[in-house]
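Here is a short briefing on a ligand site and on one residue of the chain. Please have the sequence and the model open while reading.

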Amino acid sequence: MSTQAAPRPATARAYPNIALVKYWGKRDEALMLPVAGSLSLTLDAFATTTTVEVRAELTADEFSLNGVAQSGDSLGRVTKFLDLVRSMAGSTQFAVVTSINEAPTGAGLASSASGFAALAVSAAAAYGLDLDRPELSRLARRGSGSAARSLVDGISVWHAGDGDGTSFAEPVEAPEMSMIIVTVDARQKAVSSRTAMRRTALTSPFYPAWAPSTEQSLAAMLEACHDRDFSRIGRITETHALRMHALIQSADPPIRYLSPVSIAVFDAVAALREAGVEAYATADAGPNVAVISRPEDAQAVAEALAEYGSVRVVGAGAGAMLIDPDDATPAEATA
Ligand code: 2P0
């Protein structure tokens, strides 16, 4: 890490990621260290584009999301993150943060991952920090755990690590795959991931089994990726997702993210497999379902699932990167 001279406005774009082996729970909330490693696909849609401009005359940070000035918790999370960047850069100056998010925020489509990955890259540059990819991944992790993975192109593994220095994401070689996102409900989820993780860890009698079981799933998944074995990747993905949701449902009071329509999508995916189309489902902390298939099957899967919600076929996208501020219009408008 080194510090450059003059701070300047910086714009970054990042995409969400969907985990195939998921993390659920932090072993250190201050440093945002997970209880186990995880593996995900960075998408090529639903971008967040963020500009950070450091201004000497400001008396506080300002943050607007999709054109709406933010306050309360939303602004607080950004300010806390910028405090970390400022402490690394030796700066006391505040910033204006302008963010455009193309995904439905808070609906389990990992908007915090693209959000903090874009903020990490743009804020580091705006405050004159010169960080490499693992350092940017570690920084993004401090904003939202899963953001660590959105620094990486395509499939990435986020190592649990043995401390701050070793808990970052890096690329994994894997076969090409498509993801069919089935948005069954785009509303904000009722319980945030962070709150739900805490409650699950504190109250579920099954929680002690979770971290070791996830590490086993991750080891098997890394082997399947190495072997380019799509069927095995798919089986691990679906089994692991349903284990996570079973765990979350076992909290007290219980939390249930999957809706009857989500379950119907899992059933429809099983029916597709029976019919010879290999597809496997997963879902994050919300009712929407993400289905993986081989690229050549994606269209058929999308058509079969269209009756359950809005359907979008996506592929592997790029890790968070700086872009020309003149390109700060939504990615999908310029594509
Ligand atoms: C994951 N999720 O591995 C799991 C699966 C949701 C379900 O990471 O509190 O965005 O901001 O660090 O990391 C969502 O949690 O939560 C998540 P915070 P984060 O993708």
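**Ligand site**

A polar side-chain atom of S112 sits 3.0 Å from an oxygen atom of the ligand, a polar contact being a pair of N or O atoms within 3.5 Å. On its own the ligand exposes 460 Å², and the protein buries 94% of that (Shrake-Rupley method, 1.4 Å probe). This is a predicted model: local features need pLDDT of at least 70 and side-chain atom pairs count only at pLDDT 80 or more, while totals for chains, interfaces and linings use all residues. Residues are numbered from 1 along each chain as its sequence is written, and side-chain values use heavy atoms, without hydrogens and water.

- The side chain of S144 places an N or O atom 2.7 Å from a ligand oxygen atom.
- For R194, a side-chain N or O atom is 2.6 Å from an oxygen atom of the ligand.

*Shell around the ligand*
- The ligand has 18 residues around it (a heavy atom within 4 Å).
- S144, G145, S146, R149 and R194 come nearest.
- By class, the shell holds 7 nonpolar, 5 polar and 6 charged residues; Gly counts as polar.
- Helix α4 (residues 193-203) gives the largest share, 3 residues (a DSSP run of H or I, at least four residues).
- Domain 1 (3-174) and domain 2 (178-314) each supply at least three residues; the bounds come from an automatic or database domain assignment.

*Residue P34*
- P34 lies in strand β5 (residues 33-34) (a DSSP run of E, at least two residues).
- P34 is buried, at 0% relative accessible area (buried means under 20%).
- Beyond neighbours within four places in sequence, P34 contacts Y23, G25, K26, R27, W158, A160 and S167 (heavy atoms within 4.5 Å).

Notes. A polar contact is a pair of N or O atoms within 3.5 Å; within protein, one must be able to donate a hydrogen and the other to accept it, and residues adjacent in sequence count only if both atoms are side-chain atoms. Buried means under 20% relative accessible area, exposed over 50%, partly exposed in between (1.4 Å probe, protein chains only).
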